[in-house]
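Good morning, and thank you for making time for this presentation. I shall go through several local regions of one protein chain, and I would ask you to keep the display in view.

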Amino acid sequence: MFKEYDVIVVGAGHAGGEAAAAAANMGSSVLLITMNMGTIAQMSCNPAMGGIAKGQIVREIDALGGYSGIVTDHTMIQFRMLNKSKGPAMWSPRAQSDRMRFSEKWRLMLEQTPNLDFWQDTVNGIITDKGRVAGVKTAMGQEIRSKSVILTNGTFLNGIIHIGTKNFGGGRMGDRSSTGLTENLRELGFDSDRLKTGTPVRVDGRTIDFSKLEEQKGDENPGRFSYTDTPVLQKQRSCYLAYTNLAVHDVLRTGFDFSPMYAGRIEGRGPRYCPSIEDKIDRFADKIRHQLFVEPEGWDTVEYYINGFSSSLPDYIQYKALQLVPGFENAKIFRPGYAIEYDYFPPHQLHYTLETRAVENLYFAGQINGTTGYEEAAAQGLMAGINAHLKINNLDPFILKRSEAYIGVLIDDLITKSIDEPYRMFTSRAEYRILLRQDNADLRLTPLSYKIGLAGIDRYKRVLEKQESIQSAIALLSTVSVSPDQVNGALERAGTAAINQKVKLDTLVLRPQIHLNDLIETLPFLKEFFDKFGAIGEEVIEETEILVKYQGYIEKEQEIAQRLSKFENMPLKADFDYQSLSSLSFEAREKLSKIRPETIGQASRISGVSPADISVLVIFLSK
């Protein structure tokens, strides 16, 4: 029934969707295999996209030509720009999504993508030929051939769901786990391990007393994720804040003896930054309450997601404790929280293209690499899809540097740092976060994507137009002066000192109390200037103001990045004999021999490799 495909993508979650779309849009023939066509890009956990650092990743995916930002804009029910009180390097867009419409929109977009076929089945083996992938084997007995394979299995590999003393196989509640593939990969020489994640109780919103909760509305002027012409959100649904108390904690403690985590029935380690509610009250016993985010699941459904109440305690304990939270006295639940334990493959076994070292043309993306979160998975899927297409067409790989994208930071961290808990992106992980802002993702990445054939000509032209508009705006602000009578009224309203002589416009923008929009509203000629940019006008205003206000910081970070790049890209051969360099520490020899970094820069970020070890390598290579 099947032709030989260029790329087979296994799994249709966020990683699989982006991988399939990227490879197909670049011209590869793609087969997307999923266990359930009805759950494509399912939001298995919280119904939201973006957040701290994650929002930057979604904007980068969109700038490269991925689908996540577009789907989010079409299905969001609330938008907030987080960290607006801080500098623009920390601003992070976040959207609540309609869970059902999100999955539906993803499927519709994939079905409208040329070169992309679908097959509902379970992959339980990889076909190889002389160290190279040649296709997949499925549970229905199919052997489907391909030039490359991308595995995006999420939490389904030997997944086990835990609720108190109960446990059963499953990739998520309601879906069976995938068996056989881990064992097949181990036979091919891969190392695997176990991780754990969890999800909270879902509640019937008709039984919540919202008058006892704190309302969290969306932004007055909601933004978007995509740089394309996606809809602007016209109405929004609110989220709410609730709080636990000591009575809640006491009830939860009665279930500790039945907890699979404390009883040792869970082998895998969970995410430290997103602990279960029982872990919170155990680790932070001095806290009298913990904050809960009450999030609607969609426009029309009454289902609510209780963010912060993740648990694997017995269902009756969860229910009893929840009803002691103010506002939830009469709550009814749709399903309890649960923990899920699954196989992953430590990502030191990958190249920076996400191709595996053990089997050529086989790629891993998403939670199979030890990450958590839709955004991190989608980013990996996009990069795997791009590189699978490039590799089979004998083209240069596409690898993003740490100074170019959060996606570059993500992949570099996965490969050079030990992953012993689910990995999540934070702004603190990026040393060049002033350069990697959410507002400039298109300027950074769309030209690169256009060059490899993913981003279309319309996207590229829009970026060029935006870049030229910003440059002309900065030139205007740096050359045009205004008099006191033109701007002192606006300065007074903004709470900043008046001027007593003519000054350049950019010196006024430098003031922290002044925004460029304040001057545009005051100066008719300035309004006329920015109005001519049309649809991209707001983006030009935002980018111009940031570049003027933070010019010194941006230039300093660019200088540091360029200086460090001197050794960053110094290559290391794949067969380099680190054991022969006795000047290296024992730990460095072991780590370098295991991870096999491709450059000095990558080697410098490996845990256990000291600056002295890097100096030894640089001196040796220089000789």
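Predicted model: local features only at pLDDT ≥ 70, side-chain atom pairs only at ≥ 80, totals over all residues.

I begin with Asn394, which sits in the loop between helix H9 (374-392) and helix H10 (406-416). Helices here are DSSP runs of H or I with at least four residues, strands are runs of E with at least two, and both are numbered from the N terminus. Residues are numbered from 1 along each chain as its sequence is written, and side-chain values use heavy atoms, with hydrogens and water left out.

Asn394 is not a glycine, yet its phi is positive, at about 55 degrees. Most residues other than glycine have a negative phi. With a relative accessibility of 72%, Asn394 counts as exposed; the term exposed means over 50% relative accessible area, buried means under 20%, and partly exposed lies in between, with a 1.4 Å probe and protein chains only.

Asn115 also is not a glycine and has a positive phi, of about 70 degrees. Its loop runs between helix H4 (99-111) and strand E6 (116-120). Asn115 is partly exposed, its relative accessible area being 42%.

I turn now to helix H2. How many residues of H2 are buried? The count is 11 of 11, so H2 is largely enclosed by the rest of the structure. Among these buried residues are Lys54, Arg59, Glu60 and Asp62. Just after H2 comes Gly65, with a positive phi of about 105 degrees.

A polar atom of the Asp62 side chain lies 2.7 Å from the backbone nitrogen of Tyr227. If we set aside neighbours within four places in sequence, Asp62 is in contact with Gly69, Ile70, Phe225, Ser226, Tyr227, Thr228 and Arg459, where contact means heavy atoms within 4.5 Å.

H11 covers residues 441-452, and at 1.5 Å a residue its 12 residues should span 16 Å; the end C-alpha atoms are 17 Å apart, which agrees. The expected span is 1.5 Å times one less than the number of residues. Gly453 follows H11 and has a positive phi, near 95 degrees.

Next is a pair of helices. From H6, Val248, Val251 and Leu252 meet Ile317, Lys320 and Ala321 of H8. By class, this contact between H6 and H8 has five nonpolar residues, no polar residues and one charged residue.

Ile277 lies in helix H7 (residues 277-283) and is buried, at a relative accessible area of 0%. Ile277 and Ser310 are 33 residues apart along the chain, while their C-alpha atoms are separated by 5.7 Å.

Two further residues complete the survey. Ala23, in helix H1 (residues 14-25), counts as buried at 0% relative accessibility. Not counting residues up to four places away, Ala23 touches Val7, Ser28, Val30, Gly385 and His389. From Ala23 to Leu116 the sequence separation is 93 residues, and the C-alpha to C-alpha distance is 8.9 Å.

Arg589 belongs to helix H19 (residues 586-595) and is buried, with a relative accessible area of 17%. Outside four places in sequence, Arg589 touches Tyr578, Gln579, Leu581, Ser582 and Leu584. Arg589 and Asp613 are 24 residues apart in sequence and 9.1 Å apart in space, C-alpha to C-alpha.

Technical notes: Nonpolar A, V, L, I, M, F, W, Y, C, P; charged D, E, K, R; others polar. Polar contact = N/O pair within 3.5 Å; in protein donor to acceptor, adjacent residues only side chain to side chain.
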